[in-house]
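Please open the model in your viewer and keep the selection tool at hand. The tour below moves from the whole chain to single side chains, and each stop names what to select next.

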Amino acid sequence: MSTRKLFMVLKLVTITLITAAITTGISLLFSSSGFEHLLGIPKLKNESTKAIHDKVMSSSAQAMTLADQTNQIPKAFQGTVVYQAKLKANEKVIALSFDDGPGPKNTAQILEILKKNNIKATFFMVGQMVKYFPQVAKEVAADGHVIGNHTWHHWYRHMDVATAASEIERTADIIYKITGEKTTLFRPPGGFLNNGLAQYAENHKYAVMMWSEESGDAQRRSPQVPMLVKNVLKYAKPGAIVLMHDGGGNRSKSVEALPEIITGLKAKGYRFVTIPQLLAMQSEEQYAAVSPTVPQDEHPNYQLGHQ
């Protein structure tokens, strides 16, 4: 073999060896064990240990997912109007909801009562109030309660798309900025369903949350405490959503009535859940149908003097 041919053979062998070495190195680098080695992660000794490791990682991921779903609702309810959950007659669960806050006095007192009774509720917040009392909004979230959107100004009048978008999105933004919560729950002020707000909310996959019973604490002539309690206890039923208020005026009667309402509902065998939990229960029971929208210009409860 000539010197020239020998040189070419050696060159080809050298290139082949170098290419193989580089390929092997890259494979090692991006393999699970190689990459973990570079990150300083010890190699698992056997398959049993690896299985335990994988199970722990899976559980952690699941826990994170559940934590992120506190304010989330089943997809079946997105873009719909809901008055209550449709549950079996023996499912004695009920959801308390509070509108028009947060406020420095009434909301704080309600939070104390709920904490004492180990109850989680749903608070529909007005954007302006979150802006004025951010610390109270943070306390609601920190206590594990669910937060819903109740517009920025709490206007009743008819709104075009741009105004409705501003009312809802500004509120969503400040709730997220202050509390870190992203909500898909919306409640129209006064129960109005045909002034532009509910339509915008439905089109953007919010669940428009109404109520199936109320204490009457926002009526123009608010009843005395015993009647507020009676109003809730009389119409309590599985899957009900109760409307009360922690803002929008002097809610001292609401605060005074709440412990009696809780005691009375417990005596009837009810336990308390948030609205997302209530809807999840309906979804699990495969009661997919939700209550129809009200065809009139306003929710009938508004006729009672809801403010």
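Helices (H or I, at least four residues) and strands (E, at least two) are DSSP runs, numbered from the N terminus. What you see is a predicted model, in which local features need pLDDT of at least 70 and side-chain atom pairs count only at pLDDT 80 or more, while totals for chains, interfaces and linings use all residues. Residues are numbered from 1 along each chain as its sequence is written, and side-chain values use heavy atoms, with hydrogens and water left out.

**The whole chain**

Begin with the protein chain coloured by secondary structure, which comes to eleven helices and nine strands. Of its 307 residues, 45% are buried, where buried means under 20% relative accessible area, exposed over 50%, and partly exposed in between (1.4 Å probe, protein chains only). If you display contacts (heavy atoms within 4.5 Å), you can look for those between residues at least 6 apart in sequence, 78% of which join residues at least 24 apart.

**Helix 7**

Select residues 161–179, which form helix 7. This helix has 19 residues and reaches 27 Å from its first C-alpha to its last, close to the 27 Å expected at 1.5 Å a residue; the expected span is 1.5 Å times one less than the number of residues. Its buried residues include Ala164, Ala165, Ile168, Ile175 and Ile178, and the buried residues of helix 7 pack against strand 3 (122–125), helix 5 (127–132), helix 6, strand 4, strand 5 and helix 8. An α-helix has 3.6 residues a turn, so residues three or four places apart point the same way. Continue past the end of the helix to Gly180, whose phi is positive, near 80 degrees.

Next, pick Thr151, in the loop between strand 4 and helix 7. Is this residue, Thr151, buried or exposed? At 1% relative accessibility, Thr151 counts as buried. Leaving aside neighbours within four places in sequence, Thr151 is in contact with Met125, Val126, Gly127, Glu167, Thr171, Phe186, Pro189 and Leu197, and among these Glu167 and Thr171 are buried residues of helix 7.

**Aromatic pairs**

Now show the rings, since a search of the whole structure finds three aromatic pairs; rings of Phe, Tyr and Trp (its six-membered ring) pair if their centres lie within 6.5 Å, and planes under 30 degrees apart count as stacked, over 60 as edge-to-face and the rest as tilted. Tyr156 and Phe192 form a stacked pair, with 5.3 Å from centre to centre and 25 degrees between the planes. Tyr156 is in the loop between strand 4 and helix 7 and Phe192 in the loop between strand 5 and helix 8, so that the pair links parts of the chain 36 residues apart. Tyr156 is partly exposed at 23% relative accessibility, whereas Phe192, at 11%, counts as buried.

Then select Phe186 and Tyr206, whose rings are edge-to-face at 6.4 Å centre to centre and 70 degrees between the planes. Phe186 belongs to strand 5 and Tyr206 to the loop between helix 8 and strand 6 (207–209), and both residues are buried.

**Salt bridges**

The structure holds three salt bridges, each a side-chain nitrogen of Lys or Arg within 4 Å of a carboxyl oxygen of Asp or Glu. Select Glu91 and Arg271, which meet in one of them at 3.9 Å, N to O. This pair links distant parts of the chain, with Glu91 in the loop between strand 1 (81–82) and strand 2 and Arg271 in strand 9, 180 residues apart. Glu91 is partly exposed, with a relative accessible area of 22%, and Arg271 is also partly exposed, at 46%.

Move on to Asp99 and Arg187, whose side chains meet at 2.8 Å, N to O. Asp99 lies in strand 2 and Arg187 in the loop between strand 5 (185–186) and helix 8 (197–203), so the pair ties together parts 88 residues apart in sequence. Both Asp99 and Arg187 are buried.

**Helix 10**

Finish with residues 252–267, the 16 residues of helix 10. Helix 10 bends by about 30 degrees at Leu258, and Pro259 follows within four residues; the bend at a residue is the angle between axes fitted to the seven residues ending there and the seven starting there. What covers the buried residues of helix 10 includes strand 2 (93–99), helix 4 (106–116) and helix 9 (225–234). Just after helix 10, stop at Gly269, which takes a positive phi of about 95 degrees.
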